[in-house]
Amino acid sequence: MPGPLAGYRIIELAGLGPAPFAAMMLADMGAEVVRVDRPEVGSLPGSRDLLNRGRRSIAVDLKHRDGVATVLAMVAHADALIEGFRPGVAERLGLGPQPCLERNPRLVYGRMTGWGQEGPNASLPGHDINYLALSGTLSAIGRRGEAPVPPLNLVADFGGGGLLLAFGVVCGLLEARQSGRGQVIDAAMVDGAALLATMIHGLRAVGLWRDERGVNLLDTGAWFYEVYETADGGYLSVGALEPKFFASLVQLTGLGEGPEGEGPEGERPAGNAGGDVPAQFDQARWPEMKDRLATLFKTRTRDQWCALLEHSDACIAPVLGLGEAPHHPHNAQRATFVEIAGVVQPAPAPRFSRTPGSIERPPPAAGQHSAEVLADWGFEQADIERLVAAGAIRTRAGSTTPGETAPGGTTSEGAS
């Protein structure tokens with residue numbers, strides 16, 4: 001079945017990281033996304049460049065007058081365009097918002113940058129770690145007495161960047177259906193990284209968060225919200241925040257005895273932990289309890305602890321490796337991961353009951369679908385041949401021809 005964005009046509013001016021992630025999400029949800037690649041840039045080997053999955057590629061020389069004209073002709077038939085260049089680059093190419101919106105007033109023009117389209121840093125280079133740092137969010141991530149720890153490049157690049165851009169584009173498409181007018185979406189990773197920390201700012205405003213790493217409820221300060229090593233070198237995540245889950249953790253690990261007759265399902269006041277376990281929010285004793293629980297968890301292997309605790313109210317789950325996660329029974333039953341063209345990868349999300357998302361094709365090579373795409377978007381065969389001969393567009397050996405279907409599609413609800 002078609003995904004919820006089926007029928008929308010989106011042009012992606014090829015870039016790296018967050019913009020392709022946004023395009024991937026839109027393609028996963030059924031939008032027809034065409035990636036405009038540069039002819040001279042090769043991609044990772046075929047199906048390995050997973051952020052490019054689900055869409056076709058046309059290789060266009062954007063320094064060639066006819067190449068720019070080709071993209072503008074496609075813009076006339078598109079619902080949205082995504083670009084991830086530094087501010088001013090798209091304008092210099094002749095593909096900025098003004099000529100695109102003149103060609104198609106209903107176009108949603110999505111822009112992905114690190115610093116945004118204006119501001120003192122707008123023209124500067126940067127990466128996830130820089131945007132995360134300037135947002136203030138990085139300062140809160142890390143352990144007590146240690147330097148901040150970048151959480152891979154997940155927060156600014158993908159959560160605060162690509163996901164924010166995809167959300168913005170969909171919002172723009174919905175608004176354009178009502179107004180009949182397009183607009184420009186300015187998605188900045190520094191803005192998104194700040195936005196993702198909204199709850200932490202709220203806690204700080206009421207005195208429930210200190211500007212010190214590793215001493216707060218959610219930053220490994222609390223002994224009941226931590227990662228612990230086990231006897232075999234594995235790790236467990238512990239997230240027993242609510243009083244009844246905290247009580248279950250204490251009881252099932254044997255740290256303390258609960259009130260008589262009360263099981264792990266029962267409510268239990270945070271000030272009455274039982275035995276020699278202090279009150280849950282006695283912060284002065286958090287370091288002591290962390291040491292005690294660390295010592296306890298090293299007495300058994302990860303899987304032994306999981307057999308006892310994983311399916312309890314103690315809120316414990318094993319820390320799985322990237323290669324392990326697809327095989328966990330829960331992930332396997334839900335088909336959280338799928339295999340496309342021999343590569344295991346996360347399935348589309350979120351899930352829709354009637355119009356599920358899908359991965360229609362593996363990632364393309366640059367220019368793999370140039371002729372096919374132009375034919376589908378209304379170009380005459382003679383015009384396609386002229387553009388190829390002029391070097392404005394490039395085709396690739398082994399390219400699909402108009403009407404040929406790529407293999408390997410699967411829905412987000414199906415197993416590999």
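Here are a few notes on the sheet and the salt bridges in this predicted model.

1. Start with the sheet. Seven strands make up an open sheet with mixed pairing, and the order to trace is S6-S5-S4-S1-S2-S3-S13. At the edges sit strand S6 (183-188) and strand S13 (393-394), each pairing on one side only.

2. Now look at one pair of neighbours. Strand S4 (residues 80-83) runs parallel to strand S5 (residues 108-113), and four bridges join the two. If you want a spot to check, Ala80 is opposite Val108 in S5. Helix H2 (residues 65-75) packs on the sheet, where H2 touches S1, S2, S3, S4 and S13. The direction of H2 makes about 155° with that of S1.

3. On to charges. Side chains of opposite charge can pair when their charged atoms come close. The count here is 21 salt bridges. One of them joins Arg9 and Glu32, at 3.1 Å from N to O. Arg9 lies in strand S1 and Glu32 in strand S2, 23 residues apart, so this pair links distant parts of the chain. Arg9 and Glu32 also belong to a salt-bridge network with Arg56, Glu372 and Asp376.

4. Which salt bridge has both Arg55 and Glu12 buried? It is the one where their side chains meet at 2.6 Å, N to O; both residues are buried. Arg55 is in the loop between S2 and S3, while Glu12 is in strand S1, 43 residues away.

5. Glu212 is partly exposed at 34% relative accessible area, and Arg210 is partly exposed at 42%.

Methods: Residues are numbered from 1 along each chain as its sequence is written. This is a predicted model: local features need pLDDT of at least 70, side-chain atom pairs count only at pLDDT 80 or more; totals for chains, interfaces and linings use all residues. Side-chain values use heavy atoms; hydrogens and water are left out. Two strands pair if DSSP finds at least two bridges between them. Contact means heavy atoms within 4.5 Å. Axes are lines fitted to C-alpha atoms, for helices over the stretch in contact, and angles run from 0 to 180 degrees between N-to-C directions. A salt bridge is a side-chain nitrogen of Lys or Arg within 4 Å of a carboxyl oxygen of Asp or Glu. Buried means under 20% relative accessible area, exposed over 50%, partly exposed in between (1.4 Å probe, protein chains only).
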